[in-house]
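Student: Could we go through this protein together, one question at a time?
Tutor: Gladly! Have a look at it first, and then ask away.

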Amino acid sequence: MIQRFVPKADLVLIHPPSTFDYADRKAFLGPISDVVPSTPLFEMYPIGFSSIAEHLSKNGASVRIINLAYLILKRPNMDVRRFLRRLRARAFGISLHWLPHAHGAVTLARMLKEVQPDVPVIFGGYSSTYFHREIISYPFVDFILRGDSTERATLKLVEAIRNGGDFSQVSNLTWKKNGRIIVNDRMIVETHLNDFTNDYRTMFRKAVKYCSPVAMTPIHDWWRYPITMMVTCRGCKNNCAFCGGSNFAMKRFLDRRDVAFRDPERVARDVKDLSQFTTAPIFIVGDLRHASDAYARTIIDRLVEGRVQNHLVLELFNAAPKAYFEALGSLAHVNFEISPETHDDALRKRSGKPYTTQQIEDNITWALENGIEKFDVFFMIGIPGQDEASVMETVEYAGLLMRRFGTRVMPFIAPLAPFLDPGSLAFEHSDRYGYTVLFRTFKKHLEALEKPSWKYMLNYETEHLSRDDIVRVTYEAGRRLNDLKRETGHIDVRTHETVARRIEENVLLMKEVDLLVDTDGNPKGAAAGEKLKKMMITDMSLTAGVICDNEEIKWPVFTSGFRFIRIAHAVIGDIIRRMVRE
């Protein structure tokens with residue numbers, strides 16, 4: 001009912017679920033999201049939504065954000081078509097950033113055209129950019145904004161839609177005219193990010209304006225664990241072989257030649273401002289040393305001066321010197337994460353990460369000596385050159401880390417799933433990296449997401465690991481690491497038993513599914529198809545991890561996490577200031 005009374009927006013940005021039929025397939029999605037904050041619906045919407053919304057709002061265009069994936073997760077029986085029909089918008093924007101959202105994004109676009117055929121549909125994100133010529137051919141997609149810097153282009157497109165302007169003058173745009181596909185050559189690629197902030201007050205204001213705090217919720221348990229993000233850069237200097245956001249992928253497919261960094265003073269200021277509204281962890285996206293040591297030191301010094309008390313979560317893209325951790329020791333609460341992928345130096349180097357295992361251990365040592373509170377280490381299954389024996393050796397190495405450093409170091413291992421990123425070095429030069437890419441078009445990836453289990457979604461095999469091997473060793477590695485965590489006191493008995501049960505349930509389920517499908521994951525006849533639809537594990541929550549527990553990846557939250565009085569003051573103050581200006 002409330003939707004009838006909210007203002008009409010120039011642009012409604014909608015984040016789709018990875019699939020709309022999860023209730024019938026929820027146990028088949030496996031461990032594809034175990035080491036990220038979201039569920040297999042991948043309900044965390046891209047942070048670009050907030051910067052687009054803020055830029056448009058500053059320039060006279062109204063924007064509303066709706067996390068449809070979260071709403072469906074919390075209201076599995078909601079009438080999605082009815083909800084979409086009541087939205088009031090001049091244009092709809094759909095995020096298709098990472099490819100696991102392909103099924104949900106296309107389904108959402110089709111629904112929107114059915115219920116509101118006169119409202120244009122816009123796609124954006126990395127995957128939309130990579131497959132832009134194929135996606136624009138769908139009759140329910142009107143525009144695609146390419147690249148990682150679409151704030152200005154989105155504003156121009158919305159103005160053109162609102163005022164009847166010339167679409168040929170909109171940069172970054174792929175569109176259709178009289179059935180003909182047109183790719184506007186001009187690309188805006190931001191080289192300076194100071195015009196784009198992560199001001200969460202914009203999100204607070206929109207939650208009030210559109211009566212939609214629930215619809216804007218980023219992840220499934222955000223009201224209990226309101227972690228926030230602060231972006232330092234766009235682009236990457238590194239070339240991890242399997243990453244669609246690597247330097248290679250950015251240059252070739254998104255036209256980004258250099259990494260763009262936000263001013264370090266502004267990053268620190270925004271973190272300080274955000275700490276006024278929440279006591280929850282703040283994830284600073286991008287290695288602080290990615291620009292330079294001086295850049296990192298400026299941010300650290302300003303955060304120390306600002307007496308930020310939140311748990312700060314920092315990334316390491318490469319090994320850092322001892323002085324870096326000594327400087328961070330002046331902050332109240334710091335946590336780290338690094339993704340070495342393997343214990344094997346040679347395999348890590350082949351994957352595009354040249355630092356050594358000894359350097360990792362040195363970094364952990366220096367971090368803990370300087371008061372770092374939690375250090376997460378992420379390993380991966382499916383990297384170039386890796387075989388089953390190497391995977392299990394990595395798990396045993398994780399055990400060595402836990403025994404040596406104690407409970408402040410938490411290792412994880414997960415499969416490269418469901419996809420090897422299109423645009424990555426390994427995808428584009430698969431022979432060089434020992435991969436067999438099983439499907440390359442958007443349509444094939446879309447079909448894969450409709451398969452009955454995550455094994456048949458995998459778009460690759462390696463020279464040493466078939467899809468069957470990847471699934472089998474994933475569960476075997478999960479079992480062993482779960483046992484090691486219990487032996488070393490990293491998890492309690494209840495968590496250990498819960499994870500062990502989920503793994504066994506998944507293994508049994510996979511065996512049942514395999515009996516009902518052919519080698520491509522298609523049902524062996526109508527009867528098998530009906531049985532697949534009815535199969536599910538009723539006591540397995542979609543929001544629970546399979547090979548590790550979701551609570552293992554979290555950092556501490558003080559009290560409630562939110563400072564609601566300060567949020568209210570900020571929103572009311574902004575409203576008053578706008579009224580005075582007008």
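Student: Which strands and which helix do the buried residues of helix 8 pack against?
Tutor: Keep in mind that this is a predicted model. Helix 8 covers residues 151-163, and its buried residues include Leu155, Leu157 and Val158. The buried residues of helix 8 pack against strand 1, strand 4 (121-124), strand 5 (143-145), strand 6 (173-177), strand 9 (233-234) and helix 2 (48-58).

Student: How far apart are the end C-alpha atoms of helix 8?
Tutor: Let's work out what to expect. Helix 8 has 13 residues, and at 1.5 Å a residue the helix should span 18 Å. The expected span is counted with one less than the number of residues. The model agrees with this, as the end C-alpha atoms of helix 8 are apart by 18 Å.

Student: Is Thr150 buried or exposed?
Tutor: Thr150 sits in the loop between strand 5 and helix 8. Setting aside neighbours within four places in sequence, Thr150 is in contact with Ile52, Leu145 and Asn172. A residue is buried when its relative accessible area is under 20%. Thr150 has 12% relative accessibility, so this residue counts as buried.

Student: What is the order of the strands in the open sheet of seven strands?
Tutor: The pairing in this sheet is mixed. Strand 2 (63-67) and strand 7 (180-183) are the edge strands, each pairing on one side only, so in the written order they must come at the two ends. On average, neighbouring strands are turned by 25° against each other, direction ignored. The order is 2-1-3-4-5-6-7.

Student: Which residue in strand 2 is the bridge partner of Ile14?
Tutor: Strands of a sheet pair through backbone hydrogen bonds, either parallel or antiparallel. Strand 1 (residues 11-15) and strand 2 run parallel, joined by five bridges. In strand 2, the partner of Ile14 is Ile66.

Student: What share of the residues of the protein count as buried?
Tutor: Let's step back to the whole protein, which has 24 helices and 17 strands. Among contacts with a separation of 6 or more, 76% are between residues 24 or more positions apart. The protein exposes about 23,300 Å², with carbon and sulfur atoms supplying 51% of that area. Of its 582 residues, the share that count as buried is 61%.

Methods. Residues are numbered from 1 along each chain as its sequence is written. This is a predicted model: local features need pLDDT of at least 70, side-chain atom pairs count only at pLDDT 80 or more; totals for chains, interfaces and linings use all residues. Side-chain values use heavy atoms; hydrogens and water are left out. Helices (H or I, at least four residues) and strands (E, at least two) are DSSP runs, numbered from the N terminus. Axes are lines fitted to C-alpha atoms, for helices over the stretch in contact, and angles run from 0 to 180 degrees between N-to-C directions. Buried means under 20% relative accessible area, exposed over 50%, partly exposed in between (1.4 Å probe, protein chains only). Contact means heavy atoms within 4.5 Å. Accessible areas come from the Shrake-Rupley method with a 1.4 Å probe; for residues, only the protein chains shown count as cover.
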